[in-house]
Amino acid sequence: MKITNCIHAATIVSDLDRAIAFYSGVLGLQRVDRHLNYPGAWYQIGDFQIHLIENADRSDAKIDLNVSTRNPHIAFAVSDLDAAKQQLLAANCVVKMSNSGRAALFTQDPDGNAIELTWLGT
C-alpha cells in the first residue's frame, strides 16, 4: 500500500450550528456542499477537508490543553500566528501557546476538540 494524500479528517460535534459558527465565523473556513442525509458540515482547505459530524449524545470531556501535542487534534498552518491568537481571544476562545517553544498555539472548538495553529514561516 502507498498512501498518496490525506483527503479529510472527521470531527464529532454535539451542536452543528454552534460548530459552524466557530469553524466558519472564528476560523473563517470555507464551507462546501455535501449531499448526505445526516447532520454535518464540510469545509475545504486546499486539497483537504474537515468533516463535522453531529452527534448530540457526545459525552467526551474537554481535553487538557496543557498536554496539547499529545491530544488528538487538527493542525492548520496560519500566515500570522499573532493575528490568529488575537482573533481567537476576541471570540473568547481559550488559547495555549505550544509548550515546545515553536510558533504554534492550541485552542478548542465548542465541543473541546483540539485545534493547533502553526506558523510555518515565510
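## Sheet, core and salt bridges

Strand 6 and strand 7 (residues 104-108) pair in the antiparallel sense over two bridges; two strands count as paired if DSSP finds at least two bridges between them. This is a predicted model, where local features need pLDDT of at least 70, side-chain atom pairs count only at pLDDT 80 or more, and totals for chains, interfaces and linings use all residues. Residues are numbered from 1 along each chain as its sequence is written, and side-chain values use heavy atoms, with hydrogens and water left out. Helices (H or I, at least four residues) and strands (E, at least two) are DSSP runs, numbered from the N terminus.

- Met 97 has Leu 105 in strand 7 as its bridge partner.

**The core**

- The largest nonpolar core has 23 residues, and Leu 117 and Phe 76 are among those with the most contacts inside it. Such a core is a set of buried Ala, Val, Leu, Ile, Met, Phe, Trp, Tyr and Cys residues joined through side-chain atoms within 4.5 Å.
- Helix 1 gives the most to this core, with six residues.
- Leaving aside neighbours within four places in sequence, Leu 117 is in contact (heavy atoms within 4.5 Å) with residues including Phe 76, Leu 88 and Leu 105.

**Salt bridges**

- The count comes to two salt bridges, each needing a side-chain nitrogen of Lys or Arg within 4 Å of a carboxyl oxygen of Asp or Glu.
- In one, the side chains of Arg 18 and Asp 111 meet at 3.2 Å, N to O. Arg 18 sits in helix 1 and Asp 111 in the loop between strand 7 and strand 8, so the pair ties together parts 93 residues apart in sequence.
- Asp 111 counts as buried at 8% relative accessibility, while Arg 18, at 36%, is partly exposed. Buried means under 20% relative accessible area, exposed over 50%, and partly exposed in between (1.4 Å probe, protein chains only).
- Arg 102 and Glu 116 also meet through their side chains in a salt bridge (2.9 Å, N to O).
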